[in-house]
Amino acid sequence: NNQAYLVFANDELEQRAGKGEASNITRLNSEAGDLKLDEGKYDAALAILTWHDFYYVDPDIGWGKIDSGFMVETLCHALKPGAVLGIVDHVAEPGGDVWETAQTLHRIDPERIKSDLKGSCFEFEAEADFLRNPNDDYSINMYNEKVRGKTDRVVYRYRRK
């Protein structure tokens, strides 16, 4: 979690921890650009509805620019060979400007995710379609009540080489 995200999720995170639901999880608060993880320590990493945030910037709330290449390299460094990287995110119209789409709609073209990981230590392994919604209107911000919880979402599994 970064400092800006804590404004949205802190109470929920504290409630989960208080109920013992996360007893085997260590919470790490770090700005993305300062993320430091131990080398080869982790069996899995999940990026749930966050890959688009690598292209979102809002200085007013302290959400700075994130270097997607740095994040991929950090994950490569931290995950053990054979580890899983799971990614879920809101789908954007193909071919759009990734910065504009992330900024205004909080969505991402799935091909951008694949492009970010191409040539890295990760190998695409599988895609699931249980969160796909062909009726989603990609022009609507994912926070809009019309689509909230019903967006077209990709689910990818990558494997650390």
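Mentor: Helices (H or I, at least four residues) and strands (E, at least two) are DSSP runs, numbered from the N terminus. Two strands pair if DSSP finds at least two bridges between them. In this case, F124 stands opposite Y158 in strand 4. The structure is a predicted model, in which local features need pLDDT of at least 70, side-chain atom pairs count only at pLDDT 80 or more, and totals for chains, interfaces and linings use all residues. Residues are numbered from 1 along each chain as its sequence is written, and side-chain values use heavy atoms, with hydrogens and water left out.

Trainee: Which elements does the chain contain, and in what order do they run from the N terminus?

Mentor: The chain has 4 helices and 4 strands, and the order from the N terminus is α-β-α-β-α-α-β-β.

Trainee: How many bridges join strand 3 to strand 4, and how many join strand 2 to strand 4?

Mentor: Strand 3 (residues 122-128) is joined to strand 4 by 6 bridges, and the two run antiparallel. Strand 2 (residues 79-90) also runs antiparallel to strand 4, with 7 bridges between them. On that side, G86 stands opposite R157. As a general point, side chains in a regular strand alternate between the two faces of the sheet.

Trainee: Why is strand 4 described as largely enclosed by the rest of the structure?

Mentor: The idea to apply is burial: a residue is buried under 20% relative accessible area, exposed over 50%, and partly exposed in between (1.4 Å probe, protein chains only). Strand 4 (residues 153-160) is largely enclosed because 6 of its 8 residues are buried. Over the whole chain of 161 residues, 40% are buried.

Trainee: Is H90 buried or exposed, and with which side chain does the side chain of H90 make a polar contact?

Mentor: A polar contact is a pair of N or O atoms within 3.5 Å; within protein, one must be able to donate a hydrogen and the other to accept it, and residues adjacent in sequence count only if both atoms are side-chain atoms. H90 belongs to strand 2 and is buried, at 5% relative accessibility. Its side chain makes a polar contact of 2.7 Å with the side chain of T151. Contact in the wider sense means heavy atoms within 4.5 Å. Leaving aside neighbours within four places in sequence, the residues in contact with H90 include L49, H52, M142 and R153.

Trainee: What do such contacts show for the chain as a whole?

Mentor: Among contacts with a separation of 6 or more, 76% are between residues 24 or more positions apart.

Trainee: Where is S68 found, and what does its side chain join?

Mentor: S68 is in helix 2 (residues 68-78) and is buried, with a relative accessible area of 14%. A polar contact of 3.2 Å links its side chain to that of Y55.

Trainee: Where is W63 placed?

Mentor: W63 is in the loop between strand 1 (42-48) and helix 2, and counts as buried at 9% relative accessibility. The side chain of W63 reaches the backbone oxygen of Y56 at 3.4 Å.
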